[in-house]
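Here's a quick tour of one model, from its ligand shell to a few of its helices. Have a look at the fold first, then read on.

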Amino acid sequence: MSVALDLSTPTLAPAPGARRTRVVTRKPARSRTELSAQRNLAPDLGAQHNIAGPLAPWWKLVPRRYGHVFHAMCSYMGMFPPSLPRYFIEQYSKPGDLVLDPFSGRGTTALEACLRGRVGVGLDLNPLAALLSEAKVDPPTHAEALARLHEIRSSYRRSAVTEKAPPEIAMLFDGRRTLPQLMHLRACLQGSSKREDRFLLAALVGILHGNHPRNPMDSRCLSVSMPNTFSMSPGYLKKYIHQNGLKKYPLDAFEKLAQRLEHLYAQPLAPTRGRAIHADALALHEHVAPKSAKLIVTSPPYLNVVRYGKFNWIRLWMMGESVQNVDASLTDRTRTNLEVERTDRQLGLSDRLGFRRYCAFLRDAVIECARALSDDGVCIMTIGDVENGEHDKRLALDAWRAIADEVPLELHSVIEDRLWTENKVSRIWGENKGRATRVERVLVLTRKGCPLPRANFTDPSEIVLQMSRETPGAMRSIPGIDHDPRAAV
Ligand SMILES: C[S@@+](CC[C@H](N)C(=O)[O-])C[C@H]1O[C@@H](n2cnc3c(N)ncnc32)[C@H](O)[C@@H]1O
């Protein structure tokens with residue numbers, strides 16, 4: 001069953017000492033065929049899944065493949081399914097509104113906002129995230145991107161490439177053809193602020209590494225056969241290449257990039273342009289005007305579960321960035337004076353960032369979000385539970401409890417979003433699988449004292465059906481979740 005905690009509705013006010021948990025029971029999931037047949041009949045989806053009202057995980061019903069092709073430009077750990085920001089954009093903003101994500105990642109929120117005629121703004125401290133977000137919300141036309149690629153290709157002379165790649169890069173790419181081409185592309189694109197160059201670089205980092213199909217020359221990726229989602233460490237890769245006898249194939253980087261552009265431009269561009277900013281979320285006030293955002297849909301990093309620099313070292317090399325700098329900059333440097341000892345002990349977390357420092361970071365980030373949010377705005381913040389090998393940590397709820405009195409936003413509701421574990425990237429990342437996020441909690445926040453604005457769609461099935469019509473594939477069901485009394489705030 002899915003659980004929604006409404007923290008403001010008077011009818012849910014608990015009896016003294018009782019927990020304020022509203023549990024919505026769910027009927028057994030229907031078969032995919034049944035669901036897709038029903039989709040065409042405009043079914044009452046809410047009744048089928050026993051969910052009601054705008055604050056339920058409606059986006060989970062949308063076919064898995066929903067999303068503009070730009071979303072898949074480059075994989076990124078911890079990314080939103082595009083249906084999640086789309087759902088809240090439809091419900092709590094109007095065309096022309098500014099929709100913000102201060103932890104933008106691959107730019108899912110900002111792109112979805114632009115696709116729906118809003119102005120999507122993404123901010124991220126990771127240069128890879130900023131690059132991807134920027135490419136998506138401010139792209140060149142296909143013709144402009146191709147023209148620039150043609151120009152770069154025409155200027156390529158293998159004999160003119162004199163710079164040597166570091167050995168950990170050289171072991172991944174064919175040295176006769178692919179690597180010199182990459183070196184040339186790198187020299188032309190890195191550091192450039194031209195729209196075409198930023199887009200080409202974003203598309204290129206998306207195909208730098210990945211698994212090969214049966215015929216390796218048909219691969220869309222340029223490296224030896226390896227995961228696309230993240231970069232294994234150089235030492236591990238060296239062993240992996242040796243043990244599996246992996247070969248480097250002379251793949252043409254220019255040709256593969258041109259093919260990638262063809263694919264990326266198969267769908268129309270968004271009707272509005274947005275903005276991506278490479279900056280610290282704690283400096284949001286320097287980049288976004290006060291009270292200018294109607295909606296924030298964001299997901300801060302969770303207790304240092306992902307090392308965004310280290311796991312992207314190949315892509316960052318291509319961008320001319322230092323992995324060490326990226327990880328160091330993303331590490332929480334905030335000192336704390338929060339009184340959270342009790343919660344800290346309860347959690348027993350031994351994570352690198354530490355719960356207390358995480359809370360201080362989150363508090364400061366929420367204060368920044370509050371500054372940017374309009375009075376009638378809504379802030380949606382998704383935080384995953386973190387498992388430390390004993391039992392689930394309800395990170396979102398515990399952290400919120402620690403900071404609630406110190407921030408200008410209040411928690412209106414919590415929507416639980418249970419993830420199918422097989423979806424999680426961390427499943428292929430054996431040594432850390434114990435720390436996978438399994439339940440995400442979607443915090444619905446408003447300015448203190450301000451009510452949650454009325455949602456645009458009284459029947460949210462309309463949004464689900466619209467997204468489903470845009471997407472091939474069957475509609476999904478909402479994963480079951482046992483009632484967990486600890487979920488009460
Ligand atoms: C969970 S991911 C967000 C993913 C995003 N929702 C998406 O769909 O791709 C968290 C992001 O926070 C970024 N980050 C970490 N510390 C940051 C900071 N101080 N300021 C801005 N971004 C930061 C990381 O680089 C990462 O991209």
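## Around the ligand

How many nonpolar, polar and charged residues does the shell around the ligand have? By class, there are 11 nonpolar, 5 polar and 3 charged. Here Ala, Val, Leu, Ile, Met, Phe, Trp, Tyr, Cys and Pro count as nonpolar, Asp, Glu, Lys and Arg as charged, and the others, Gly among them, as polar. The ligand is surrounded by 19 residues, with Gly78, Met79, Gly105, Thr108 and Asn126 the closest.

## What you're looking at

This is a predicted model: local features need pLDDT of at least 70, side-chain atom pairs count only at pLDDT 80 or more, and totals for chains, interfaces and linings use all residues. Numbering starts from 1 along each chain as its sequence is written.

## Two helix pairs

Helices H4 (residues 108–115) and H5 (residues 127–137) pack at about 5 degrees, their axes 9 Å apart, so they are roughly parallel (angles under 35 degrees). Ala110, Leu111 and Cys114 of H4 meet Ser133, Lys136 and Val137 of H5.

The axes of H9 (residues 195–206) and H11 (residues 253–264) come within 10 Å and cross at roughly 100 degrees, which means H9 is roughly perpendicular (65 to 115 degrees) to H11. Leu200, Ala203 and Leu204 of H9 make the contact (C-beta atoms within 7 Å) with Leu257, Arg260, Leu261 and Leu264 of H11. That contact divides into 6 nonpolar, no polar and 1 charged.

## A covered helix

In H16 (residues 395–403), 8 of the 9 residues are buried (20 or more other C-beta atoms within 10 Å of their own). Among them are Leu395, Asp398 and Trp400.

Terms used:
A residue is buried if 20 or more other C-beta atoms lie within 10 Å of its own, exposed if 12 or fewer, and partly exposed in between; C-beta atoms are placed from the backbone. Helices (H or I, at least four residues) and strands (E, at least two) are DSSP runs, numbered from the N terminus. Axes are lines fitted to C-alpha atoms, for helices over the stretch in contact, and angles run from 0 to 180 degrees between N-to-C directions. Angles under 35 degrees count as roughly parallel, over 145 as roughly antiparallel, 65 to 115 as roughly perpendicular and the rest as oblique. Two residues are in contact if their C-beta atoms, placed from the backbone, lie within 7 Å. A residue is near a molecule or strand if its C-beta atom, placed from the backbone, lies within 6 Å of it.
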